[in-house]
Amino acid sequence: MKALIETWEISHRVNEYLLNGIKEEYLTDISLAKGRTVGQQFAHIHNVRFMWIKVAAPELFALLKKIETEHPITKKILLDNFKKSTAAISEILRKGFETGKIKGFKPHPEAFLGYMIAHEAHHRGQIIIALKENKHLPDKKILYGLWEWGVR
């Protein structure tokens, strides 16, 4: 169980590593395919966590807030909210691994972990594409660092 929760937390630190590796002004970059800005992509990651926390652990929900994407999004807003939603998802996973279930999700807690990591990795990819299309691609140290889970 401890290693699975740590895996979730490493995945989150990869999100933070990417966010910290880009300039604040690049949060408004948007892909040529339209959709969300880079900042809105990061906010969406948090907001999906927020939705799952509301379903699976309403007792933790009051400690969090949704990031409103109509308002300017800053790194501080993202990092502050990520800290809380990461901890809440860690707690949901801990309880889920103990009980064998996560409220509102099937089939099992291990699949929930996979779902969460896959969802967030998908949006990291979209963020990188938007940055690349706007000629704001992070340097290679950041891009390779996304795969260095042993040091995150």
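Is V55 buried, partly exposed or exposed? V55 is partly exposed, with a relative accessible area of 32% (buried is under 20%, exposed over 50%, partly exposed in between, using a 1.4 Å probe and protein chains only). This is a predicted model, where local features need pLDDT of at least 70, side-chain atom pairs count only at pLDDT 80 or more, and totals for chains, interfaces and linings use all residues. Residues are numbered from 1 along each chain as its sequence is written, and side-chain values use heavy atoms, leaving out hydrogens and water.

**Helix α2**
- V55 sits in helix α2, which covers residues 38-56 (helices are DSSP runs of H or I with at least four residues, numbered from the N terminus).
- From first C-alpha to last, the 19 residues of α2 reach 27 Å, close to the 27 Å expected at 1.5 Å a residue (1.5 Å times one less than the number of residues).
- Most of α2 is covered, with 15 of its 19 residues buried.
- K54 also belongs to α2, and K54 counts as exposed at 51% relative accessibility.
- Between the C-alpha atoms of K54 and K135 there are 37 Å, with the two residues 81 apart along the chain.

**Around S90**
- Helix α4, residues 75-99, is the place of S90.
- S90 is buried, at 8% relative accessible area.
- Leaving aside residues up to four places away in sequence, S90 touches I5, W8 and E9 (contact means heavy atoms within 4.5 Å).

Terms used:
Helix = DSSP H or I, 4+ residues; strand = E, 2+ residues; numbered from the N terminus.
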